Amino acid sequence: MPSQNRKGEVVLRGIAASPGVCRGKALVLRDDAPAVERRQLTDEEVPQEIDRLEQALLRTRQDVEELRSKLSAAIGEKDASIFEVHLLILEDSELLNGTSRRIREEKVNADAAYGDVAREYIKLLASLNDPYFRERAADIRDVTQRVLNHLRLDSLRSGPLVLSEPAIIISHDLTPSTTAQLDRSMVLGFATDVGSQTSHTAILARSLGIPAVVGLHEISSQVTNGQPLLLDGHTGSVYVHPTDQTLFEYGQLARRRVQFEEQLREIHDQPAVTLDGTRVLLSANLELAEDAGAVAEAGAEGVGLFRTEYLFLRGPSLPDEESQLTAYRTVAEAVKPNAVIIRTLDIGGDKFIPHLPMPKEVNPFLGWRAIRFCLHQQDLFRTQLRAILRASAFGSVKLMYPMISGVDELVAANALLSECKEALRREGLPFDEKMEVGAMIEIPSAVMVAEQLAEHADFFSIGTNDLIQYTLAIDRLNDRIAHLYEPTHPAVLRLIRLTVDAAHTRGRWVGVCGEMAGDPVMVLLLLGLGVDELSAAPPSVPRIKHLIRRCRLDEAREFATWALAQATGAPVLQRAEEMAHRLAPTLFT
Ligand code: PEP
Ligand code: MG
């Protein structure tokens, strides 16, 4: 609910997704469209734009025909006939002529021209008091969106997205691939209608240090382009037309924050060691190879999770072995002598490669994702395995597989890895023969067979984002149930303990690379449960280190034992907060 607290100022409240405060003008992206700008064409560019439009229409026709044939096999010709209507819309002369006219006469790019004509058409049909026409409006919206997506992909292929001035991005949703495409120097912050703290867009924002608020429900229709905003990613608030008083108060807070960050710099080169002398390996998560410098900058000891997806999401085409090698090697060399744990491709769920069409799924988080996808697309997987192996010759590289649900998958992935090693040996290409291979533990079934998995893995890394999602049946993207996403739920804590026990019994080590490891309130609990490594987004690392250096492991263990015996998560959370506030009060003020 927006509240109008001071003259002219409106405050919208959502979910705090990435800490930090920013001020700037709103740039509203509609329908998750990245900032494809309305561009004025030169005379020479006009035929090119007409051609782009035709190509996009052709590709959309192919998509729709493919969908129609798949669906007629599954649900019968009759129900699939809706696609006939969609094909007719693609040939609709009003739409096509209207768009070409605008491109020629107004000299605007195809995306803007087609989008404008489609919107006017949809508005007209939707306003008619006839259910038939209203349904047709929905069809047109569907088909024209497909065409716009193709136009957009085409623009992505031709270069990075450009914002003409720094702005706070407002959108209904932002996919990770769109987010990864935005020009970072121009993006002051994000605010979206939907989303939650563990969506990959929120994770990416945290990792990039960009303040973000999600789950604001209607911000994309409440805010208009150019409105002045103040976005507070700590509390999850967005101020529209902030008053001088609000700006003054935030200015004061910013000064205090800078002072505290300076204090944290004092422990930059110090180890993450508890008061009773236990050394904790504190690493950083990394999304983009070019950010590898941020790891040492944050005072982390290497990379606990390198999400390789962004290499695939951002490029104009699938990265080949050499370009992957370059990226992995860059990171390995940047963090040397510390290690980088490179996670193989975790595509699917909420991350889709714009230029790699994948079937639409009803439950993508339960679908063709991560290792399931890679074991099916073996050529693509082999290329990545070879690149990771080759990068291991340049530093301390470990590899891990995401979304392992049982022993068969791990064995199958390792068999492909062995094949790749054999091929590299034959080709005389060097790699680290002793490269450690780990499995992510993020599905409850993996926890239940962790001892057996440990026979085929050198280490485990617990992905709490997914482990919590799959254990509690909480869609990690759904803001309506975000309050039920409970890291301190006894089921989650017991699964973590089971994993640690299974690994330690077999002499393996266990890390946590989900967002839980970057939350200072959770640190004591995780250490008490026995994990050996924590890996957090670089901006969180100094805070986590600060807390580790102020706690005692015996106290953490006692706390974890108590927490494991609780029936619900709420008292555990309350005590975790009290303890963290007592140990490191400055972190929370
Ligand atoms: C996790 O699930 O906790 C994890 C680290 O992987 P991702 O967030 O990329 O799914
Ligand atoms: Mg995961």
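Guide: Let us begin with two residues of helix H4, aspartate 116 and arginine 119, which are three residues apart, about one turn of the helix. Please keep in mind throughout that the model is predicted.

Visitor: Which residue forms a salt bridge with glutamate 120, and where in the chain do the two partners lie?

Guide: The partner of glutamate 120 is arginine 102, and their closest N and O atoms are 3.0 Å apart. This pair links distant parts of the chain, since glutamate 120 belongs to helix H4 and arginine 102 to helix H3 (residues 93–106), 18 residues apart. Glutamate 120 is partly exposed, with a relative accessible area of 45%, whereas arginine 102 is buried at 19%.

Visitor: Are glutamate 287 and arginine 307 buried or exposed, and what do their side chains form?

Guide: The side chains of glutamate 287 and arginine 307 meet in a salt bridge, at 2.5 Å from N to O. Here too the pair links distant parts of the chain: glutamate 287 is in the loop between strand E10 (281–286) and helix H10 (293–297), while arginine 307 is in strand E11 (residues 303–307), 20 residues apart. Glutamate 287 is buried, with a relative accessible area of 3%, and arginine 307 is buried as well, with 2%.

Visitor: How many salt bridges does the structure hold, and which residues are linked in a network of them?

Guide: The structure holds 37 salt bridges. A network of salt bridges links Glu309, Arg343, Asp346, Lys351, Arg369, Asp466 and Arg476.

Visitor: What are the protein donors of the magnesium ion (ligand 2)?

Guide: The donors are Glu442 (OE) and Asp466 (OD), which lie 2.0 to 2.1 Å from the magnesium ion. The two come from distant parts of the chain, 24 residues apart: glutamate 442 sits in the loop between strand E14 (437–441) and helix H16 (444–448), and aspartate 466 sits in helix H18 (residues 464–472). Glutamate 442 counts as buried at 2% relative accessibility, and aspartate 466 counts as buried at 2% too. Asp466 also belongs to the salt-bridge network described above.

Visitor: Let us turn to the strands. How many bridges join strand E5 to E6, and how many join E6 to strand E7?

Guide: Strand E5 (residues 167–171) and E6 run parallel and are joined by five bridges; isoleucine 169, for instance, has phenylalanine 190 of E6 as its bridge partner. E5, helix H6 (residues 176–181) and E6 make up a right-handed β-α-β unit. E6 and strand E7 (residues 212–214) also run parallel, joined by two bridges, and alanine 191 stands opposite valine 213 in E7. From E6 the chain crosses through helix H7 (residues 200–208) to E7, and this β-α-β crossover is right-handed.

Visitor: How many residues of strand E6 and of helix H7 are buried?

Guide: E6 (residues 187–192) is mostly covered, with five of its six residues buried. In H7, nine of its nine residues are buried, among them His200, Arg206 and Leu208. Just after H7, glycine 209 takes a positive phi of about 70 degrees.

Visitor: Finally, which residues form a nonpolar patch on the surface?

Guide: Leu128, Tyr132 and Phe133 form that patch, with about 270 Å² of accessible area together. Phenylalanine 133 lies in helix H5 (residues 131–157) and counts as partly exposed, at 33% relative accessibility.

Technical notes. Residues numbered from 1 in each chain as written. Chains lettered and ligands numbered in written order. Predicted model: local features only at pLDDT ≥ 70, side-chain atom pairs only at ≥ 80, totals over all residues. Heavy atoms only, no water. Patch = residues over 30% accessible without salt bridge, like charges linked within 9 Å, V, L, I, M, F, W, Y side chains within 5 Å. Areas by Shrake-Rupley, 256 points an atom, 1.4 Å probe, with all protein chains shown as cover. Salt bridge = Lys/Arg side-chain N within 4 Å of Asp/Glu carboxyl O. Helix = DSSP H or I, 4+ residues; strand = E, 2+ residues; numbered from the N terminus. Buried < 20%, exposed > 50% of the residue type's maximum accessible area, 1.4 Å probe, protein only. Pairing = 2+ DSSP bridges. Right-handed = clockwise from strand over helix to strand, strands pointing away. Donors = N, O, S within 2.8 Å, 3.2 Å for Na, K, Ca; no water.
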